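Colleague: Please take one part of this model and look at it closely. I would like to see how two of its elements pack together.

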Amino acid sequence: MSDQLDRISTLEELEGFAQMLFNPPPGVVVKPYTEQDRHRIANMKIEFQKGAAK
């Protein structure tokens with residue numbers, strides 16, 4: 001999971017990734033994620049939003 005998160009470079013990519021991970025469409029199988037992954041995604045979102053506000 002960390003490898004995939006390392007490649008995300010925009011808020012839009014992060015939001016799309018999080019949507020697929022936490023609310024996948026019917027029939028789509030996603031990798032299991034940990035609470036640590038969930039926290040990292042939340043922190044990344046905050047950092048992207050801070051960068052956009054500058």
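Modeller: Contact means heavy atoms within 4.5 Å. Helices are DSSP runs of H or I with at least four residues, numbered from the N terminus. The model is predicted, so local features need pLDDT of at least 70, side-chain atom pairs count only at pLDDT 80 or more, and totals for chains, interfaces and linings use all residues. Residues are numbered from 1 along each chain as its sequence is written, and side-chain values use heavy atoms, without hydrogens and water.

Now the pair itself. From helix 2, Leu11, Leu14, Glu15, Phe17, Ala18, Leu21 and Phe22 take part. They meet Arg38, Ile41, Met44, Lys45, Phe48 and Gln49 of helix 3. By class, this contact has nine nonpolar, one polar and three charged residues. Here Ala, Val, Leu, Ile, Met, Phe, Trp, Tyr, Cys and Pro count as nonpolar, Asp, Glu, Lys and Arg as charged, and the others, Gly among them, as polar.

Next, the core. A nonpolar core is a set of buried Ala, Val, Leu, Ile, Met, Phe, Trp, Tyr and Cys residues joined through side-chain atoms within 4.5 Å. Buried means under 20% relative accessible area (1.4 Å probe, protein chains only). The largest such core has nine residues: Met1, Leu5, Ile8, Leu14, Phe17, Ala18, Leu21, Ile41 and Met44. Helix 2 gives the most, with four residues.

Take Leu14. Beyond its neighbours within four places in sequence, Leu14 is in contact with Leu5, Ile8, Ile41, Met44, Lys45 and Phe48.

Methods:
Buried < 20%, exposed > 50% of the residue type's maximum accessible area, 1.4 Å probe, protein only. Helix = DSSP H or I, 4+ residues; strand = E, 2+ residues; numbered from the N terminus.
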